[in-house]
Amino acid sequence: MSTIKPKSSIATMVSYTPNHGGAKKPGKVIRLSANEGALGMSPKALAAMHSVDPDLHRYPAVAASRLAEAVGRRNGIDPARIVFGCGSDELIQVLCLAYLEPGDEAIYTQYGFLVYPMATRIAGGVPVVAPDDEYTVSVDAILKAVTERTRMVFLANPNNPTGTYIPQEEVKRLRAGLRDDILLVLDAAYCEYVTKNDYDSGIEMVENHDNVVMLRTFSKLYGMAGLRLGWAYGPKDIAATLESIKQPFGVNSLAIAAGIAAVEDLAFQEAVIESNNKWLPWSAGKFAELGLEALPTVTNFLLLRFPETDGKTAEAARLFLAERNILVREMGGYGVPDTVRLSIGTGEEMREVVDALADFLGKERPVS
């Protein structure tokens, strides 16, 4: 046995292993297990990537200033306070490394993203879980979990994997209830899909507070998960701190070029939202016809609950779908094993999913 041991804070850590499932046979695969964009990437973003070819032997830009300017214009924010990372996962880790001393506590919510406790432990911190109210974040529970060692609070809004959200007034109440030395991290990975009038992605909170950071991603609306591109927006001093300790070339040239084109392609963004707004309620309605409960969601995915009847459980459904090359996400790791999470795909894909689940349940296929 090796005498080289990892540090004690991560000795018992269970790594976050994305389980996207595996196709069971050759041919078409309907992958609805990772909340990826249903329509893929913008054609303009794909074309922009090809324009980079002659320069791929060069290191990418460190500051990614042209991308920051594009994101700043699109969102009406200060580009000098935007920090890019290799996905928002990198930025979560950098935040923990920068602002958690060993033994400091970081609060995350019951059904929150599993990378939050993972990054906290890597930094030597202590993750503290706040229970949800059913499947929605509870501000009261978060505030109750605060101790003198609390230094950070993670709030995914909307939340993954539940798909629920809390209104802007609740986020404000949370910030007001926290000490000033506690950093509030608002993870708004799915904000572009939200159509509720009482929701805000977090920009207003960042503009009005010096202890709030917002995280965003290109992996969902923009369909660029494979390029790994996320960004943080925060106060000037926090942005400077993140820039100083993150990888200098954490964002590659292809991602920068594609990101600029994707942000500026408003027509494609509108098409993605329109597709989701059509097929999300359609899918939920068809699942209901089959007797399956789709939990309310404001995102591009939903949790689908199954009975505990032998042979008709969520896990049995997931395996049945996998045999047809339809991949959905099992939720045992999140503590909701009676559900599967599935992204909203194209219309054709969602019709195939509904038909497959009808076959699984032994019911007549709903009329499309």
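Ten aromatic pairs were counted in the predicted model, where rings of Phe, Tyr and Trp (its six-membered ring) pair if their centres lie within 6.5 Å. Planes under 30 degrees apart count as stacked, over 60 as edge-to-face and the rest as tilted. One of the pairs, Tyr-190 with Phe-301, is edge-to-face, with 5.0 Å from centre to centre and 70 degrees between the planes. This pair links distant parts of the chain, 111 residues apart: Tyr-190 is in the loop between S6 and helix H7 (203-208), and Phe-301 is in strand S10 (residues 301-305). Helices (H or I, at least four residues) and strands (E, at least two) are DSSP runs, numbered from the N terminus.

Because the model is predicted, local features need pLDDT of at least 70 and side-chain atom pairs count only at pLDDT 80 or more, while totals for chains, interfaces and linings use all residues. Residues are numbered from 1 along each chain as its sequence is written, and side-chain values use heavy atoms, with hydrogens and water left out.

Seven strands form an open sheet in the order S2-S8-S7-S6-S5-S3-S4, with mixed pairing; two strands pair if DSSP finds at least two bridges between them. Strand S2 (82-85) and S4 are the edge strands, each pairing on one side only. On average, neighbouring strands of the sheet are turned by 25 degrees against each other, direction ignored. Helix H6 (residues 168-177) packs on the sheet and touches strand S5 (150-156), strand S6 (183-187) and strand S7 (212-217), contact meaning heavy atoms within 4.5 Å. The direction of H6 makes about 160 degrees with that of S6; axes are lines fitted to C-alpha atoms, for helices over the stretch in contact, and angles run from 0 to 180 degrees between N-to-C directions.

Strand S3 (residues 105-109) pairs with strand S4 (residues 126-130) in the parallel sense over five bridges. Ala-106 stands opposite Pro-127 in S4, and Tyr-108 opposite Val-129 in S4.

The axes of helix H10 (residues 266-289) and helix H12 (residues 347-361) come within 10 Å and cross at roughly 10 degrees. H10 is therefore roughly parallel to H12 (angles under 35 degrees count as roughly parallel, over 145 as roughly antiparallel, 65 to 115 as roughly perpendicular and the rest as oblique). Among the residues of H10 that meet H12 are Trp-279 and Trp-282.
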